[in-house]
Amino acid sequence: MRLCSIASGSSGNCTYIGTDHTHLLVDAGISCKRIDTGVQELGIKPDELAGVLITHEHSDHISGIRVFSKKHHVPLYGTKETLEAIERMDVKKEIDPDLYRPVRADEQIVVGDFTVTPFSNSHDAANPVGYRAEAEGHAEELSQILACTASIQLIICLVWMQFCLKQIMMCICLRQVRIHFH
Ligand SMILES: [Zn+2]
């Protein structure tokens, strides 16, 4: 089994997991062009992918999905709520509804060489899941939520730092004003 991160972080998430015969992506949060390049660098044609396992509908996990599925006609796995959210965002209805494959937490599905078990994840999304993918006697748990949470934490941290900096600047200014008065 091969596991490879094509992209991760707040700018987009996309992970490859595959065997010699079955190739899957977990999330597609980068442009179709970047996905194509990333997959080709692994020696795989994007059309050979057996599916995209979607963790949740935040843009850093699905931004490439519309163009990618239109171009390569790859099935999209996700919870019913996640797929419905994606369908709502697909205003031009570019994703073929036949490509949607709803999954449920704790219900195993088989995709080629893989036995995939979605599991519930706590995250601010419709019904987010992670995926446990088993093949060739190996198992990997792909949650992808961490990247999202980490980027939110970073934003909170930056906002807080900005606030502190403003307070410090204000103190300095006030002191200077006071000095002027004396
Ligand atoms: Zn998220």
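Me: How many helices and strands make up the secondary structure of the chain?
Reply: This is a predicted model: local features need pLDDT of at least 70, side-chain atom pairs count only at pLDDT 80 or more, and totals for chains, interfaces and linings use all residues. Residues are numbered from 1 along each chain as its sequence is written. Helices (H or I, at least four residues) and strands (E, at least two) are DSSP runs, numbered from the N terminus. The secondary structure of the chain comes to 5 helices and 10 strands.

Me: Is the chain more spread out than a compact globule, or as the globule rule gives, and what is its radius of gyration?
Reply: The radius is taken over C-alpha atoms, and the globule rule is 2.2 Å times the number of residues to the power 0.38. For 182 residues the rule gives 16 Å, and the chain is well over that, so it is more spread out than a compact globule. Along the principal axes, the C-alpha atoms fill a box of roughly 80 × 40 × 35 Å. The radius of gyration is 21 Å.

Me: In what order do the strands of the open sheet stand?
Reply: Two strands pair if DSSP finds at least two bridges between them. The open sheet has 6 strands and mixed pairing, and its edge strands, β1 and β6 (100-103), each pair on one side only. From one strand to the next the twist averages 25°, with axes fitted as lines to C-alpha atoms (for helices over the stretch in contact) and angles running from 0 to 180 degrees between N-to-C directions. The order is β1-β2-β3-β4-β5-β6.

Me: Which residue of β3 is the bridge partner of T15?
Reply: β2 runs antiparallel to β1, joined by 5 bridges, and S5 stands opposite T15. With β3 (residues 23-26), β2 pairs in the antiparallel sense over 4 bridges, in a hairpin with 4 residues between the strands. There G18 stands opposite H23, and the bridge partner of T15 is V26.

Me: How many residues of β2 are buried?
Reply: A residue is buried if 20 or more other C-beta atoms lie within 10 Å of its own, exposed if 12 or fewer, and partly exposed in between, with C-beta atoms placed from the backbone. C14, Y16 and G18 point one way from β2, T15 and I17 the other way, and all are buried. β2 is largely enclosed by the rest of the structure, so the count of buried residues is 5 of the 5.

Me: Which elements do the buried residues of α1 pack against?
Reply: In α1 (residues 32-41), I35, G38 and V39 are buried. Seen down the helix axis, they fall within an arc of 95° (from the directions of the axis to the C-beta atoms), so they line one face. The face turned away carries the exposed residues K33, Q40 and E41. The buried residues pack against β1 (2-7), β2 (14-18) and α3 (65-72).

Me: Is D27 buried or exposed?
Reply: D27 is in the loop between β3 and α1 and has a positive phi of about 65° although it is not a glycine. Most residues other than glycine have a negative phi. D27 has 29 C-beta neighbours inside 10 Å, so it counts as buried.

Me: Is K93 buried or exposed?
Reply: K93 is found in the loop between α4 (80-89) and β6, with a positive phi near 50°. K93 has 9 C-beta neighbours inside 10 Å, so it counts as exposed.

Definitions and conventions:
Two residues are in contact if their C-beta atoms, placed from the backbone, lie within 7 Å.
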